[in-house]
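I opened this notebook to record what I looked up in one structure. The entries follow the order in which I checked things.

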Amino acid sequence: MAYPTFVTNHSLTLQLGWFEKHLSTICSDPKDCQEKLKSALFMVGTMGSNDYFLALSRNKTLEEIKNTMVPVVVQTITEVAKKLIGHGAVRVVVPGLHQLGCSPGILTAFETNTSVHDAQGCLKDFNDMFVYHNDHQLLKD
């Protein structure tokens with residue numbers, strides 16, 4: 001099953017391409033890039049929520065998103081982080097997604113008569129999906 005078109009054509013992979021193009025303008029060779037990047041801090045995240053919300057707006061279920069989109073989104077995040085490390089990045093932070101099941105927009109857009117809430121009144125299924133994403137986002141290598 002194919003997942004929905006992304007919200008923007010400025011995907012994480014495209015942004016990495018922009019970064020690599022920029023590197024070619026500031027580095028004379030890979031060793032020079034490694035020297036320049038070793039003291040930088042890279043933030044790769046929080047990625048995926050726009051993709052997931054677009055899928056939800058197109059009537060995809062949370063289960064469909066977990067099964068078809070989360071693996072692809074997490075794989076892309078992992079690949080980009082590894083490429084940054086390959087370019088010489090030493091400090092790479094990959095934050096997880098916030099549990100947005102309490103946000104007013106999510107509560108307004110996705111609340112139903114059958115919604116299950118947690119103790120804080122948040123949409124439990126949504127928060128569970130974000131936890132699922134974060135659990136799969138751990139870099140294993």
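What percentage of the 141 residues of the protein count as buried? I looked this up before anything else. The model is a predicted one, and in it 30% of the 141 residues count as buried.

**Entry: overall layout.** I listed the secondary structure next. The protein has six helices and two strands. Going along the sequence, I wrote down the pattern α-α-β-α-α-β-α-α. I then turned to contacts between residues at least 6 apart in sequence, and found that 72% of them join residues at least 24 apart.

**Entry: surface.** I noted an accessible surface of about 8,600 Å² for the protein. Carbon and sulfur atoms account for 56% of that surface. Which residues form a nonpolar patch on the surface? I found Leu 41, Met 43 and Val 93 there, and together they have about 290 Å² of accessible area. I looked at one of these residues in detail. Leu 41 belongs to strand 1, which covers residues 41-43. Is Leu 41 buried or exposed? Leu 41 counts as exposed because its relative accessibility is 56%, and the cut-off for exposed is over 50%.

**Entry: nonpolar core.** I went on to the largest nonpolar core, which has 27 residues. The members that touch the most other members are Tyr 52, Ile 65, Leu 84, Phe 126 and Met 129. I checked which elements give two or more residues to this core, and they are helix 1 (12-26), helix 2 (30-37), helix 3 (49-57), helix 4 (62-86) and helix 6 (124-136). Helix 4 gives the most, with nine residues. Setting aside neighbours within four places in sequence, I found Leu 84 in contact with Leu 16, Phe 19, Phe 42, Val 44 and Ala 89.

**Entry: Asn 127.** Why does Asn 127 count as buried? Its relative accessibility is 4%, and buried means under 20%. I looked for what surrounds the residue. A polar atom of the Asn 127 side chain lies 2.7 Å from the backbone nitrogen of Gly 101. Neighbours within four places in sequence aside, Asn 127 is in contact with Gln 99, Leu 100, Gly 101, Cys 102, Asp 118 and Cys 122.

Terms used:
Residues are numbered from 1 along each chain as its sequence is written. This is a predicted model: local features need pLDDT of at least 70, side-chain atom pairs count only at pLDDT 80 or more; totals for chains, interfaces and linings use all residues. Side-chain values use heavy atoms; hydrogens and water are left out. Helices (H or I, at least four residues) and strands (E, at least two) are DSSP runs, numbered from the N terminus. Buried means under 20% relative accessible area, exposed over 50%, partly exposed in between (1.4 Å probe, protein chains only). Contact means heavy atoms within 4.5 Å. Accessible areas come from the Shrake-Rupley method with a 1.4 Å probe; for residues, only the protein chains shown count as cover. Patches are made of residues with over 30% relative accessible area and no salt bridge: like charges are joined within 9 Å, nonpolar side chains (Val, Leu, Ile, Met, Phe, Trp, Tyr) within 5 Å. A salt bridge is a side-chain nitrogen of Lys or Arg within 4 Å of a carboxyl oxygen of Asp or Glu. A nonpolar core is a set of buried Ala, Val, Leu, Ile, Met, Phe, Trp, Tyr and Cys residues joined through side-chain atoms within 4.5 Å. A polar contact is a pair of N or O atoms within 3.5 Å; within protein, one must be able to donate a hydrogen and the other to accept it, and residues adjacent in sequence count only if both atoms are side-chain atoms.
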